[in-house]
Amino acid sequence: MRKLLVVSMLLLGSLAWARCDHPFFPVREGWVWSYRSSPDNSTHTASIIKVSDKGFVQRLAFKDFSFDIRWACDAKGLTQLEYFQPPSNQGIQINLKTRKVSGVVIPQGMRVGTTWSYGYEVAGEAKQPNMTLQVEQTMSVVSKVVGQESVSVPAGRFSAYKVESTMTIRGSMKSAGQSMPMNFDVKTTSWYAQGVGLVKTQSEGVTVEFLSLKR
């Protein structure tokens, strides 16, 4: 009976992985990816800490902080359920709540030529020492697999899909009756390798490269 229970639990775990797993974004509980960012040469890890048949939790861990991100998975692909706002290093505390999510971040059936989109609506506060700003933003991202090429990173050489993305941000920051627009675009190029996931990304002068994967 005990052996049957163990086998049943293993099968259920495998089914959960199978429903969420993606060739270019492996969803495997316990796997840990390590990355290095330049030009500051900092490192961080990304790990899958919990998997169910409906989604999973990804943990990003940096030198001084870590946080968990919830994802959902379905027949269309993988969706990040909250907008990720990196902590500011300029003395500003930003607290944003996600109001609406649309589209998928990682689509099923990725191939050269695949185009997809996703977006977020968020609202919250940005606190400075002598001021609190009310923030409202919409973010929409359009991505396309523009090719497949060989890319070299510290972890090795990989055949990867090259994905070009444009994030369009529209919003405002308000304080004391004054409103400041926040409208800009961010272009990013990322490379995804089958069975590994993200191996490199470049955006606004910052490059993130894959260091290792602990299975």
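1. Glu204 counts as exposed, since its relative accessibility is 59%, where exposed means over 50% relative accessible area, buried under 20% and partly exposed in between, with a 1.4 Å probe and protein chains only. Glu204 lies in the loop between E13 and E14, strands here being DSSP runs (E, at least two residues) and helices likewise (H or I, at least four), numbered from the N terminus. Although Glu204 is not a glycine, its phi is positive, at about 50°. Most residues other than glycine have a negative phi, and most peptide bonds are trans.

2. The model is a predicted one, in which local features need pLDDT of at least 70 and side-chain atom pairs count only at pLDDT 80 or more, while totals for chains, interfaces and linings use all residues. Residues are numbered from 1 along each chain as its sequence is written, and side-chain values use heavy atoms, with hydrogens and water left out.

3. On confidence, the protein chain has an average pLDDT of 88, and 89% of its residues score at least 70, pLDDT being the predictor's confidence in each residue, from 0 to 100. Over residues 1–17, however, pLDDT stays under 50, and the model has seven contacts beyond four places in sequence for this stretch, a contact meaning heavy atoms within 4.5 Å. Where pLDDT is low, the predicted coordinates should not be read in detail.

4. As to the overall make-up, the protein chain contains one helix and 14 strands, and 39% of its 215 residues count as buried. Of the contacts between residues at least 6 apart in sequence, 48% join residues at least 24 apart.

5. Strand E13 (residues 197–203) has five of its seven residues buried, so it is largely enclosed by the rest of the structure. Strand E12 (residues 184–193) runs antiparallel to E13 and is joined to it by six bridges, pairing being assigned if DSSP finds at least two bridges between two strands. On the other pairing, E13 and strand E14 (residues 206–214) are antiparallel over four bridges. Lys200 of E13 stands opposite Trp191, and Lys200 also stands opposite Glu209 in E14.

6. The turns beside E13 deserve a look in the model. The hairpin of E12 and E13 has three residues between the strands, and Gly195 in that turn has a positive phi of about 80°. The hairpin of E13 and E14 has two residues between its strands, and there Glu204 takes the positive phi described above.

7. In the largest nonpolar core, which has 52 residues, Phe56, Val199 and Phe210 touch the most other members; such a core is a set of buried Ala, Val, Leu, Ile, Met, Phe, Trp, Tyr and Cys residues joined through side-chain atoms within 4.5 Å. Beyond its neighbours within four places in sequence, Phe56 is in contact with residues including Cys20, Ile48, Trp71 and Leu78.

8. Cys20 and Cys73 form a disulfide with their sulfur atoms 1.9 Å apart, the criterion being a pair of cysteine sulfur atoms within 2.5 Å. Cys20 lies in helix H1 (residues 2–20) and Cys73 in strand E4 (residues 66–74), so the pair ties together parts that are 53 residues apart in sequence. Both Cys20 and Cys73 are buried.

9. Two further backbone features can be checked in the loops. The peptide bond from Ser38 to Pro39 is cis, with omega near 20°, and Pro39 is placed in the loop between strand E1 (32–38) and strand E2 (42–51). Ala176, in the loop between strand E10 (156–175) and strand E11 (178–181), has a positive phi near 50° and counts as exposed at 77% relative accessibility.
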